[in-house]
Amino acid sequence: MTDRVLEVETSSPDRTREVGRRLARLLRPGDVVVLSGDLGAGKTTFAQGIGAGLGVRGDVTSPTFVISRVHPSLVGGPPLVHVDAYRLRGGAELDDLDLAETLDHAVTVVEWGDGLADSLSADRLRVHLRRLVAPGQLALADEPRILTVQAFGSRWDGVRFAESLRS
Ligand code: ADP
Ligand code: MG
């Protein structure tokens, strides 16, 4: 049975990274993962887990100046293209990044990609991260997060997210 939507709760940044690592095992060249959620929700933390799971070079961070960064694989797999679209205002600017050039052979992960990156691929995963406390409330080092994984397109038919992502 296919599960198109899955909610996973994590209790710490390491647990969030672990879910990203598990997701990476399902990812293939051409896949697009759109990460949404407020500032500080854990999008970059989750992307770090994907990077670790893919075995790519370099730290996955929130780049100050660079919007898109390519992390080559150290294990003969697809590179990770990590995009932080926070500073982008519209789809036109996302087009300027030429993500389509790398799309087919890379795994593309776009933070703040909701609405922006949806046009990149009809087959995509959306992972929404949210804190359980009110926005603006003092952040703790270890806090629960709810991750909602949603699959779009036939690429994910038959993929068992619950089995793969939950420990
Ligand atoms: P974003 O990219 O969404 O702005 P970051 O991943 O950069 O968010 O930051 C998330 C912050 O929240 C980090 O400081 C991280 O240590 C902290 N944090 C606390 N609990 C969690 C959790 N369960 N999952 C992810 N991050 C968490
Ligand atoms: Mg970020």
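## Terms and model

Contact here means heavy atoms within 4.5 Å. This is a predicted model, in which local features need pLDDT of at least 70, side-chain atom pairs count only at pLDDT 80 or more, and totals for chains, interfaces and linings use all residues. Residues are numbered from 1 along each chain as its sequence is written, chains are lettered from A and ligands numbered from 1 in the order in which they are written, and side-chain values use heavy atoms, with hydrogens and water left out.

Leu 26 sits in the loop between α1 and β2. Helices (H or I, at least four residues) and strands (E, at least two) are DSSP runs, numbered from the N terminus. Setting aside neighbours within four places in sequence, Leu 26 contacts Asp 31, Arg 155, Trp 156, Val 159, Phe 161 and Ser 164. Val 8 is 18 residues from Leu 26 in sequence, and their C-alpha atoms are 16 Å apart.

Arg 155 belongs to the loop between β7 and α5. Its relative accessible area is 15%, so Arg 155 is buried. Buried means under 20% relative accessible area, exposed over 50%, and partly exposed in between (1.4 Å probe, protein chains only). Beyond four places in sequence, Arg 155 contacts Leu 26, Leu 27, Arg 28, Asp 31 and Asp 123. A polar atom of the Arg 155 side chain lies 2.9 Å from the backbone oxygen of Leu 26. Such a polar contact is a pair of N or O atoms within 3.5 Å; within protein, one must be able to donate a hydrogen and the other to accept it, and residues adjacent in sequence count only if both atoms are side-chain atoms.

## Nonpolar cores

A nonpolar core is a set of buried Ala, Val, Leu, Ile, Met, Phe, Trp, Tyr and Cys residues joined through side-chain atoms within 4.5 Å. The largest one has 29 residues. Leu 23, Val 33, Phe 46, Ile 50 and Phe 161 have the most contacts inside it. Elements giving two or more residues are β1 (5-10), α1 (13-24), β2 (32-36), α2 (43-54), β5 (107-111), β6 (124-131), β7 (145-152) and α5 (161-165). Helix α2 gives the most, with four residues.

Not counting residues up to four places away in sequence, Leu 23 touches Val 33, Phe 46, Ile 50, Leu 125, Phe 161 and Leu 165. In soluble globular proteins, nonpolar side chains tend to be buried together.

## Ligand 1

Around ligand 1 there are 19 residues, each with a heavy atom within 4 Å of it. Thr 16, Gly 40, Lys 43, Thr 45 and Glu 143 come nearest. A nitrogen atom of ligand 1 is 2.6 Å from a polar backbone atom of Glu 143. A ligand nitrogen is also 3.2 Å from an N or O atom in the Thr 10 side chain. An oxygen atom of ligand 1 lies 2.9 Å from a polar side-chain atom of Thr 44.

On its own, ligand 1 has 580 Å² of accessible area, and the protein covers 79% of that. Accessible areas come from the Shrake-Rupley method with a 1.4 Å probe; for residues, only the protein chains shown count as cover.

## The magnesium site

Thr 44 (OG1) and Glu 111 (OE) coordinate the magnesium ion (ligand 2) at 2.1 to 2.2 Å. Thr 44 is in helix α2 and Glu 111 in strand β5, so the pair ties together parts that are 67 residues apart in sequence. Donors are N, O and S atoms within 2.8 Å of the metal (3.2 Å for Na, K and Ca); water is not among the atoms, so sites may look incomplete.

Both residues are shielded. Thr 44 counts as buried at 13% relative accessibility, and Glu 111 is buried at 2%. Their side chains make a polar contact of 2.7 Å. Leaving aside neighbours within four places, Thr 44 contacts Val 60, Thr 61, Ser 62 and Glu 111.

Gly 37 lies in the loop between β2 and α2. It is buried, with a relative accessible area of 12%. Beyond four places in sequence, Gly 37 contacts Lys 43, Trp 112, His 128 and Leu 129. Gly 37 and Leu 129 are 92 residues apart along the chain, yet their C-alpha atoms are separated by 5.1 Å.

Asp 98 is in the loop between α3 (91-96) and α4 (99-103). Although not a glycine, Asp 98 has a positive phi of about 55°. At 46% relative accessibility, Asp 98 counts as partly exposed.
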